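Here is a short briefing on one protein model. Keep the sequence and the 3D view open as you read.

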Amino acid sequence: LERLGNRLQTGLTMVFAELGITATLSRVGTAFCVYFMDHAPVDWHDLMTHHNFDLDRVYRRALIERGLYLFPQPCRQGALSAAHTRTDITQLIEASRAILKGFCQPLRASSTK
């Protein structure tokens, strides 16, 4: 499970960097959460001030539409289990790449205007 978690963290971090998406994957063991901000939040105020909740909702709903279930509410953690495989992690990474490439670039462009 630690290897799968590390693969997930490394893969998603690479996707964020590749696409220029401001995001952080916080992971402790099998529990993980993507925050659309440049750091893991330190408290509720930090989260409310810096996290992109709209992008989080779009991302989670798009994952569900692709058959990958993360709790559909922003900032809720996901979890890996013994049922997950390397293929599952690859699917999540690749789906995240497609979603963020398709949805985030227009959002980033509009936020700079």
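Start with Ile64, which is partly exposed because its relative accessible area is 31%. Buried means under 20% relative accessible area, exposed means over 50%, and partly exposed lies in between (1.4 Å probe, protein chains only). This is a predicted model: local features need pLDDT of at least 70, side-chain atom pairs count only at pLDDT 80 or more, and totals for chains, interfaces and linings use all residues. Residues are numbered from 1 along each chain as its sequence is written, and side-chain values use heavy atoms, with hydrogens and water left out.

**Surface patch**

- Ile64 lies in helix H3. Helices (H or I, at least four residues) and strands (E, at least two) are DSSP runs, numbered from the N terminus.
- Together with Tyr69 and Phe71, Ile64 forms a nonpolar patch on the surface. The accessible area of these three residues together is about 300 Å².
- Patch members have over 30% relative accessible area and no salt bridge; like charges are joined within 9 Å, and nonpolar side chains (Val, Leu, Ile, Met, Phe, Trp, Tyr) within 5 Å.
- Accessible areas come from the Shrake-Rupley method with a 1.4 Å probe, and for residues only the protein chains shown count as cover.

**Cavity**

- Rolling a probe the size of a water molecule over the atoms shows where empty space is left.
- The structure holds one cavity of 30 Å³ or more. On a 1 Å grid over the protein atoms alone, a cavity is a set of points where a 1.4 Å probe fits but cannot get out.
- The largest cavity has a volume of about 40 Å³. A volume is the space filled by probe spheres set on the grid points, which are joined across faces, edges and corners.
- Which residues line the largest cavity? They are Phe32, Cys33, Val34, Tyr59, Arg60, Leu70, Arg76, Gln77 and Gly78. Lining residues have an atom within 4 Å of a point.
- Strand E2 (31-35) and helix H3 (53-65) are the elements that give two or more residues to this lining. The largest share, three residues, comes from E2.
- The lining of the largest cavity divides into five nonpolar, two polar and two charged residues. Here Ala, Val, Leu, Ile, Met, Phe, Trp, Tyr, Cys and Pro count as nonpolar, Asp, Glu, Lys and Arg as charged, and the others, Gly among them, as polar.

- The largest pocket holds about 230 Å³ of space. A pocket is an open set of points with protein on both sides within 12 Å along at least five of seven lines.
- Of the 15 residues that line the largest pocket, Tyr69, Leu70, Ala79, His84 and Leu92 are the closest to its centre.
- E3 and helix H4 (86-111) each supply at least two residues of this lining. H4 gives the most, with four residues.
- By class, the pocket lining has ten nonpolar, four polar and one charged residues.

**Salt bridges**

- Side chains of opposite charge can pair when their charged atoms come close.
- The whole structure has five salt bridges. In each, a side-chain nitrogen of Lys or Arg is within 4 Å of a carboxyl oxygen of Asp or Glu.
- Asp54 pairs with Arg57, with the closest N and O atoms 3.1 Å apart. Asp54 is exposed at 55% relative accessible area, and Arg57 is partly exposed at 30%.
- Arg60 and Asp56 form a salt bridge at 2.4 Å, N to O. Arg60 is buried, at 2%, and Asp56 is buried too, at 1%. These two are about one helical turn apart because they are four residues apart in helix H3.
- Glu94 and Arg97 pair with their closest N and O atoms 2.6 Å apart. Glu94 is partly exposed at 40%, while Arg97 is buried at 19%. Salt bridges that share partners join Glu18, Glu94 and Arg97 into one network.

**Backbone and contacts in space**

- Most residues other than glycine have a negative phi, and most peptide bonds are trans.
- Cys75 has a positive phi of about 70° although it is not a glycine. Cys75 is found in the loop between H3 and strand E3 (78-79), and is buried at 17% relative accessible area.
- Arg27 lies in strand E1 (residues 24-28) and is buried at 16%.
- How many residues apart in sequence are Arg27 and Ala79? They are 52 residues apart in sequence and 9.4 Å apart in space, C-alpha to C-alpha.
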